[in-house]
Amino acid sequence: MIKAEWFYWLVGLSFLVMAAQMVTDRSNPKRFGTGAFWGLIGAGFVYSSWVVTKQAPAEPLGVAVLVMAVLAGFGFTGRGTPRTTTPEERTASAARLGNKLFVPALTIPVVAMACAIGVKHLTVGGRPVLQEGSETILGLGIGAVAALVVGMVMLREKRPSVPVQAGRTMLEAMGWAMLLPQMLATLGAIFQVSGVGGQVGKLAAAVLPEDSLYVAVVVYCAGMFAFTLVMGNAFAAFPVMTAAVGWPVLIGHFHGNPAAVLALGMLAGFCGTLVTPMAANFNIVPAALLELKDQYGPIKAQLPTAGILLGCNVVIMALFAF
C-alpha cells in the first residue's frame, strides 16, 4: 500500500534539501535565517507523522511555528542567487519546445485523475494499491513526480540539482507568504471551536429586524466578505458566518434553499479573497513571482470586479434562494 504519509515525507525532504542549499548560499546575506525557516517546515512535515499517531508531543510543532513567525516577521529571511539555467538557456528551450512546455504541467492533473478514478480500485494481495481515502492527495504527489521526470526528459536536463535549485528560487521569491493560507485556515478552525460564530449570531440577532429578509441577506453576504478580508480564506470564514446568520436565519427562519444560500454565501466570501493581502496565494505571491513594482497591483486591479460580484451575489440570493 502506498501511504499518504510517504508523500508528506517527500515534501518534507524537499524542503530540507532546499534549506541546506540556502544555508550554504553565500550570495544570500540572510542565509541562516532563510535556511532555518524552510528547514523547520521540512522537519514539521516529517515530525507530524508521529504527532498524528500520538507517538510524539505536538508542542514542538507549536514552538516551530512561533520561531518561523519570528524569523519572517523580523526580516531574518532573504533571497540568494541559485545556480540554475541562464535566461538565455531558458529562452532557447522555450523557442524550441513552444506549447510542449505545458505538457509537464498537464501531467499532474492527468495522473491525479487517473489515481483518483482508476488506480484507487486496484488491489494487490487483497489490499488497495493506494491508501483508502487518500487517493486524490497521492495522485497529486505521484503526478508531481511524474511531471518532474517528463520535464527533465523534454528539456534534456540530466542534472537533478537544477530542478531543486529552481524550486528553491520559487520558495525564496514567495517567502513566508506561501504559508499564509494554511495559517489562516487554522485560524478559521480556532474561531469555530472558540464559538466566534455563536457570538456573531447573537450580535446579528440583536441588530437584525425580525422579518427583514433582504437585510439578513446583505448581512450574511457582507459578513462573508468581511471575514474573508480578515482571514484571507473564504473556507475559514464560512463556518463562522453560516453558524451565525446563514443557517439559523436565512435557512431556519426564512426557509431558504440550503444549497443556494450556502453556495452564494461562499461566492460572496470569494469576493473578499480578491481584495485582501491575507489571501497571499492569490494576491501577494503572483506579484512576487512576476516581480511587479506594486505588490498590491493584483488587488487594485481586482477591486472593481469584487465589488460588482458581491452586489450580484446579494441580488441573486435575495431573488432566487427563497
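**Ground rules.** I number residues from 1 along each chain as its sequence is written. The model is predicted, so I ask for pLDDT of at least 70 for local features and 80 or more for side-chain atom pairs, while totals for chains, interfaces and linings use all residues, and side-chain values use heavy atoms, without hydrogens and water.

**Helix α6.** I looked up residues 135–154, a helix by DSSP (an H or I run of at least four residues, numbered from the N terminus). Its 20 residues should span 28 Å at 1.5 Å a residue, and the end C-alpha atoms are 28 Å apart, so the two agree; the expected span is 1.5 Å times one less than the number of residues. Among its buried residues I noted Leu138, Gly139, Ala147 and Met154; buried means under 20% relative accessible area, exposed over 50%, and partly exposed in between (1.4 Å probe, protein chains only). The buried residues of α6 pack against α1, α4 and α5, where contact means heavy atoms within 4.5 Å. After α6 I found Arg156 with a positive phi, near 55 degrees.

**Ser49.** I found Ser49 in helix α2 (residues 31–52). Ser49 counts as buried because its relative accessibility is 7%. Leaving out residues up to four places away in sequence, Ser49 touches Glu5 and Trp9. The Ser49 and Glu5 side chains make a polar contact at 2.4 Å (N or O atoms within 3.5 Å, one able to donate a hydrogen and the other to accept it; residues adjacent in sequence count only if both atoms are side-chain atoms).

**Trp6.** I placed Trp6 in helix α1. At 43% relative accessibility, Trp6 counts as partly exposed.

Terms used
Helices (H or I, at least four residues) and strands (E, at least two) are DSSP runs, numbered from the N terminus.
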